[in-house]
Amino acid sequence: MPKKIKVLVTGSQGLVGSRFVEMSPQFDFVTPELPEFDMTDEKAVKELVDKENPDWIVNFAAFTDVNASEQQAGDEAGTAWKVNVEGTQNLVSAFRSKNFIHISTDMVFPGDIGQPGPYEETDIPPETNEKLTWYGWTKNRAEKIVKENGGTILRIIYPVRASFDRKTDYLRGPLKRFAEGKIYPLFMDQQVSIAYVDEIAETLQKIIETDSHGVFHCSSDTTTPYELITYAIEQLGHDSSIIKACSVHDFLKTQTNPNRYPIYGGLKTKRTEEVLDIHFSSWQTIIENLLGQGLSLPKA
Ligand SMILES: NC(=O)c1ccc[n+]([C@@H]2O[C@H](COP(=O)([O-])OP(=O)(O)OC[C@H]3O[C@@H](n4cnc5c(N)ncnc54)[C@H](OP(=O)(O)O)[C@@H]3O)[C@@H](O)[C@H]2O)c1
């Protein structure tokens with residue numbers, strides 16, 4: 001039997017990384033986790049990478065709490081910067097191979113009228129942070145490090161899955177609030193997309209198995225939070241008419257930090273689909289697939 005490709009995965013217990021590992025028995029995985037493995041520890045990262053000598057690294061690990069990151073804005077001693085930027089640098093420096101895949105986000109772009117999404121794989125993220133969240137800026141800087149070292153970027157947007165006890169997502173969060181009778185008005189004029197975790201896993205498998213490199217995207221077509229959530233609730237057999245629609249433009253007039261609410265997000269996937277010979281589902285099909293995998297209204 002041919003030797004399996006050895007893949008070191010950071011963040012393998014997270015929302016997305018755990019599904020990639022679960023769906024990819026063809027790989028021989030190394031899955032270091034906190035607290036034994038901390039990617040901000042340069043020496044520990046180098047020792048692990050030298051010891052395991054993987055064929056590929058997929059870097060899912062990140063400080064992913066966008067609101068908590070905002071509290072650290074401008075602070076390069078904060079956890080968001082240390083994990084997302086310095087942690088990525090540590091991995092890249094230790095590995096020194098172009099077989100490095102970094103999971104990124106559409107939030108490396110501003111999502112505003114000046115540079116609106118959906119973004120193409122060839123679009124260039126800004127070199128300044130004035131229009132980005134702090135989380136988006138840390139991911140933007142990490143992308144730069146990876147690209148300068150010949151690595152690959154896979155940008156994703158609002159990854160969703162049928163169930164995952166450790167963390168909700170862009171669908172299961174609002175569904176939970178609906179079940180609890182606490183759903184707030186949803187934007188009907190904000191452009192968003194979702195990414196199906198199973199398709200993220202398939203994209204990574206394709207990148208590795210076809211030895212592909214560059215910038216790739218995994219995303220559905222665009223929709224709005226109001227359209228997405230009311231559709232999911234109706235598909236689950238419930239009445240969505242109690243959900244109110246509201247305007248992100250009006251909401252932003254009440255906010256001091258407009259960067260926190262990008263209006264025109266999203267990722268185009270044409271190049272990725274062509275290069276990897278892969279097809280991404282529409283957001284409606286993703287919801288149907290999730291229903292088939294047991295997505296349900298959580299108990300209140
Ligand atoms: N979720 C989204 O909406 C979204 C959207 C676009 C892009 N992304 C990107 O997709 C990737 C995966 O996101 P996710 O939602 O699956 O993340 P997640 O569920 O928050 O998981 C992140 C993982 O990183 C680990 N981690 C954090 N700090 C670490 C450190 N210092 N050393 C080693 N491991 C560390 C966490 O371990 P612990 O659990 O032990 O802390 C966890 O396993 C991230 O790069 C994120 O930026 C996510």
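# A guided tour, starting at a cis proline

Select Pro118 to begin: this residue sits in the loop between E4 and H5. Those labels are DSSP runs, numbered from the N terminus: helices are H or I with at least four residues, and strands are E with at least two. The model is predicted, so local features need pLDDT of at least 70 and side-chain atom pairs count only at pLDDT 80 or more, while totals for chains, interfaces and linings use all residues. Residues are numbered from 1 along each chain as its sequence is written, and side-chain values use heavy atoms, with hydrogens and water left out.

Then go to Pro35, in the loop between E2 and H2. The bond that reaches Pro35 from Leu34 is also cis, with omega near 0 degrees.

Leu34 lies in the loop between E2 and helix H2 (42-52). Is Leu34 buried or exposed? Leu34 is exposed, with a relative accessible area of 58%; here buried means under 20%, exposed over 50%, and partly exposed in between (1.4 Å probe, protein chains only).

Next, look at phi. Most residues other than glycine have a negative phi, and most peptide bonds are trans. Arg96, in the loop between H4 and E4, has a positive phi near 50 degrees. Arg96 is exposed, at 71% relative accessible area. Asp277 has a positive phi too, about 50 degrees, and is found in the loop between helix H10 (270-276) and helix H11 (283-292). Asp277 is exposed as well, with a relative accessible area of 62%.

## The sheet

Now show the strands. What is the order of the six strands in the open sheet? The order is E2-E1-E3-E4-E5-E9, with parallel pairing; two strands pair if DSSP finds at least two bridges between them. Strand E2 (27-30) and strand E9 (215-218) are at the edges with a single partner strand each, so one side of each has no neighbour in the sheet. From one strand to the next, the twist averages 25 degrees.

Zoom in on E3 (residues 56-59). E3 pairs with strand E4 (residues 100-105) in the parallel sense over three bridges, and Ile57 stands opposite Phe100 in E4. On the side of E1, the pairing with E3 is parallel over four bridges, and Leu8 has Ile57 as its bridge partner in E3. Both faces of E3 are covered: Trp56 and Val58 on one side, and Ile57 and Asn59 on the other, are all buried.

Axes are lines fitted to C-alpha atoms, for helices over the stretch in contact, and angles run from 0 to 180 degrees between N-to-C directions.

## The cores

A nonpolar core is a set of buried Ala, Val, Leu, Ile, Met, Phe, Trp, Tyr and Cys residues joined through side-chain atoms within 4.5 Å. Select Val7, Phe20, Val58, Ile101, Leu154 and Leu204: of the 27 residues in the largest core, these touch the most other members. E1, E2, E3, E4, E5, helix H7 (197-209) and E9 each supply at least two residues, and H7 gives the largest share, six residues. Another core, of 26 residues, lies apart from it and includes Phe37, Val45, Val85 and Val92.

Finish this stop at Arg19, in helix H1 (residues 17-22), which is buried at 16% relative accessible area. Leaving aside neighbours within four places in sequence, Arg19 is in contact (heavy atoms within 4.5 Å) with Arg161, Val197, Asp198, Ala201 and Gln293.

## The ligand

Last, select the ligand. How many residues surround the ligand? There are 25, the closest being Val16, Thr64, Tyr135, Lys139 and Lys167; a residue counts if one of its heavy atoms lies within 4 Å.

- A ligand nitrogen atom is 2.9 Å from an N or O atom in the side chain of Asp38.
- A ligand nitrogen atom lies 3.0 Å from a backbone N or O atom of Met39.
- A ligand oxygen atom is 2.9 Å from a polar backbone atom of Phe60.

Conventions: A polar contact is a pair of N or O atoms within 3.5 Å; within protein, one must be able to donate a hydrogen and the other to accept it, and residues adjacent in sequence count only if both atoms are side-chain atoms.
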